[in-house]
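Hi,

Here is the model I promised to pass on. Have a look at it first, and my notes on what turned up follow below.

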Amino acid sequence: MSLKAQISEDMKTAMRAKDSVRLGAIRLLQAAIKQREVDERIELDDGNVIAVIEKMLKQRRDSIAAYESANRHDLADVEKFEVTVLQTYLPQQLTEDEIKAILEKVVVESGAAGIKDMGKVMAEIKPLVAGRADMGKISGLIKTRLG
């Protein structure tokens, strides 16, 4: 079953269960997917759907940080719930040790010597971990490794 079909099935399940909070999060995801399909005039495959989910997760994490700094924990809790719903559609996340092993391999293969090579390392590691790791966290690990 494709990821889009799974999201549609989960939406129907949430409707039947009258789970309005989960239903709202799934509808936001479906709207983002449809918007990208209309904008680009393409049918999204699972890889593109994962990219949409990652973008939404980044937006939610930024919102959580902003709400918590503004002492609006009620709004931050809504965003945190949406993050948990969105994460269910991503593939199994990599452990930190797995990420470090992939990073080390990419650094050695690319011949990266310093922080100036960070862009090259990011470009090579992104397709290897797409949807399975937070790119912000990976960016920090790369800076530590190359810096």
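R41 is exposed, because its relative accessibility is 77% (exposed means over 50% relative accessible area, buried under 20%, and partly exposed in between, with a 1.4 Å probe and protein chains only). R41 sits in the loop between α2 (20–40) and α3 (46–69); helices here are DSSP runs of H or I with at least four residues, strands are runs of E with at least two, and both are numbered from the N terminus. Most residues other than glycine have a negative phi. N71 is another case, with a positive phi of about 65° and again not a glycine. N71 belongs to the loop between α3 and α4, and at 57% relative accessibility N71 counts as exposed too.

Before you go further, a word on the source. This is a predicted model, in which local features need pLDDT of at least 70 and side-chain atom pairs count only at pLDDT 80 or more, while totals for chains, interfaces and linings use all residues. Residues are numbered from 1 along each chain as its sequence is written, and side-chain values use heavy atoms, with hydrogens and water left out.

Now the overall picture. The protein has seven helices and zero strands, so the order of elements from the N terminus reads α-α-α-α-α-α-α. The C-alpha trace spans about 55 × 40 × 30 Å along its principal axes. Of the 147 residues, 35% count as buried. If you take the contacts (heavy atoms within 4.5 Å) between residues at least 6 apart in sequence, 56% of them join residues at least 24 apart.

Next, the helix pairs. Two packed helices are described by the angle between their axes and the distance between the axes. For the numbers below, axes are lines fitted to C-alpha atoms, for helices over the stretch in contact, and angles run from 0 to 180 degrees between N-to-C directions.

How do α1 and α3 lie to each other? The axes of α1 (residues 3–16) and α3 come within 8 Å and cross at roughly 55°, which means the two are oblique (under 35 degrees counts as roughly parallel, over 145 as roughly antiparallel, 65 to 115 as roughly perpendicular, and the rest as oblique). On the α1 side the contact uses L3, K4 and I7, and these meet D46, V49, I50 and I53 of α3. By class that contact has five nonpolar, no polar and two charged residues; Ala, Val, Leu, Ile, Met, Phe, Trp, Tyr, Cys and Pro count as nonpolar, Asp, Glu, Lys and Arg as charged, and the others, Gly among them, as polar.

The other pair is α6 (residues 118–129) with α7 (residues 135–146), whose axes come within 11 Å and cross at roughly 140°. That pair is therefore oblique as well. M118, V121, M122, I125, K126 and V129 of α6 make the contact with M135, I138, S139, I142, K143 and L146 of α7. Those residues divide into nine nonpolar, one polar and two charged.

A few single residues are worth a click:

- R60, in α3, is buried, with a relative accessible area of 10%. Leaving out residues up to four places away in sequence, R60 touches L28, E79, E82, V83 and L86.
- S110 is in α5 (residues 96–110) and is buried, because its relative accessibility is 14%. A polar atom of the S110 side chain lies 3.3 Å from the backbone oxygen of V107. Beyond four places in sequence, S110 touches K120, V121 and E124; V121 also takes part in the contact of α6 with α7.
- Q87 is in α4 (residues 73–87) and is partly exposed at 35% relative accessibility. Setting aside residues up to four places away, Q87 touches L57 and R61.
- K12, in α1, is partly exposed at 39% relative accessibility. The C-alpha atoms of K12 and L23, 11 residues apart along the chain, are separated by 8.5 Å.

Cheers

Key:
Polar contact = N/O pair within 3.5 Å; in protein donor to acceptor, adjacent residues only side chain to side chain.
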